[in-house]
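Student: Can we go through this one together? I'd like to know what stands behind each label.

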Amino acid sequence: MIPMRSFDDDFYYIDEENYTLVGLHHGRSLRFGDPVRVRVVAVDIIKRRMDFERV
């Protein structure tokens with residue numbers, strides 16, 4: 001999972017109808033399924049969960 005707080009280059013709002021994050025100031029958009037470079041931040045083997053941050 002990539003937490004919304006890692007998207008710190010703009011204020012993003014969610015366009016639920018189009019499954020898109022849209023930057024309020026710069027207009028950059030990220031759609032569900034777009035390729036994004038990430039870095040692994042934490043791994044919890046017991047919960048079988050990995051946390052990422054955007055690079």
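Student: What makes Arg 28 count as partly exposed?

Tutor: Its relative accessibility is 41%. Buried means under 20% relative accessible area, exposed means over 50%, and partly exposed is what lies in between (1.4 Å probe, protein chains only). So Arg 28, at 41%, counts as partly exposed. Bear in mind that this is a predicted model: local features need pLDDT of at least 70, side-chain atom pairs count only at pLDDT 80 or more, and totals for chains, interfaces and linings use all residues. Residues are numbered from 1 along each chain as its sequence is written, and side-chain values use heavy atoms, with hydrogens and water left out.

Student: Why is the contact of Asp 9 and Arg 28 called a salt bridge?

Tutor: The rule asks for a side-chain nitrogen of Lys or Arg within 4 Å of a carboxyl oxygen of Asp or Glu. For Asp 9 and Arg 28 the N to O value is 3.8 Å, so the pair passes by that definition. Asp 9 lies in the segment before strand 1 and Arg 28 in the loop between strand 2 and strand 3, so the pair ties together parts that are 19 residues apart in sequence. Asp 9 is partly exposed too, at 36%.

Student: How many salt bridges does the rule give?

Tutor: Four. One of them joins Arg 39 and Glu 53, with the closest N and O atoms 2.6 Å apart. Arg 39 sits in strand 4 and Glu 53 in strand 5, so this pair links parts 14 residues apart in sequence. Both are partly exposed: Arg 39 has a relative accessible area of 43%, and Glu 53 has 28%.

Student: And what makes Asp 51 and Arg 49 a pair?

Tutor: Their closest N and O atoms are 3.0 Å apart, which is a salt bridge. Asp 51 is partly exposed at 23%, and Arg 49 is partly exposed at 40%. There is also a network: salt bridges that share partners join Asp 9, Arg 28 and Arg 54.

Student: How do you know that strand 4 and strand 5 pair?

Tutor: Strands here are DSSP runs (E, at least two residues), numbered from the N terminus. Two of them pair if DSSP finds at least two bridges between them. Strand 4 (residues 38–44) and strand 5 have six bridges, in the antiparallel sense, so they meet that definition. Val 38, for instance, stands opposite Arg 54 in strand 5. The two strands form a hairpin with four residues between them, and Arg 48 in the turn has a positive phi of about 55 degrees.

Student: Which strands stand at the edges of the other sheet?

Tutor: That open sheet has three strands in the order 1-2-3, with antiparallel pairing. Strand 1 (12–15) and strand 3 (29–31) are the edges: each has a single partner strand, so one side of each has no neighbour in the sheet. Strand 2 (residues 20–23) pairs with strand 3 over three bridges, and Leu 21 stands opposite Leu 30 in strand 3.

Student: What makes Met 50 part of a nonpolar patch?

Tutor: Patches take residues with over 30% relative accessible area and no salt bridge, joining like charges within 9 Å and nonpolar side chains (Val, Leu, Ile, Met, Phe, Trp, Tyr) within 5 Å. Met 50, in strand 5 (residues 49–54), has a relative accessible area of 40%. Val 40, Val 43, Ile 45 and Met 50 form the patch, with about 410 Å² of accessible area together (Shrake-Rupley method, 1.4 Å probe, only the protein chains shown counting as cover for residues).
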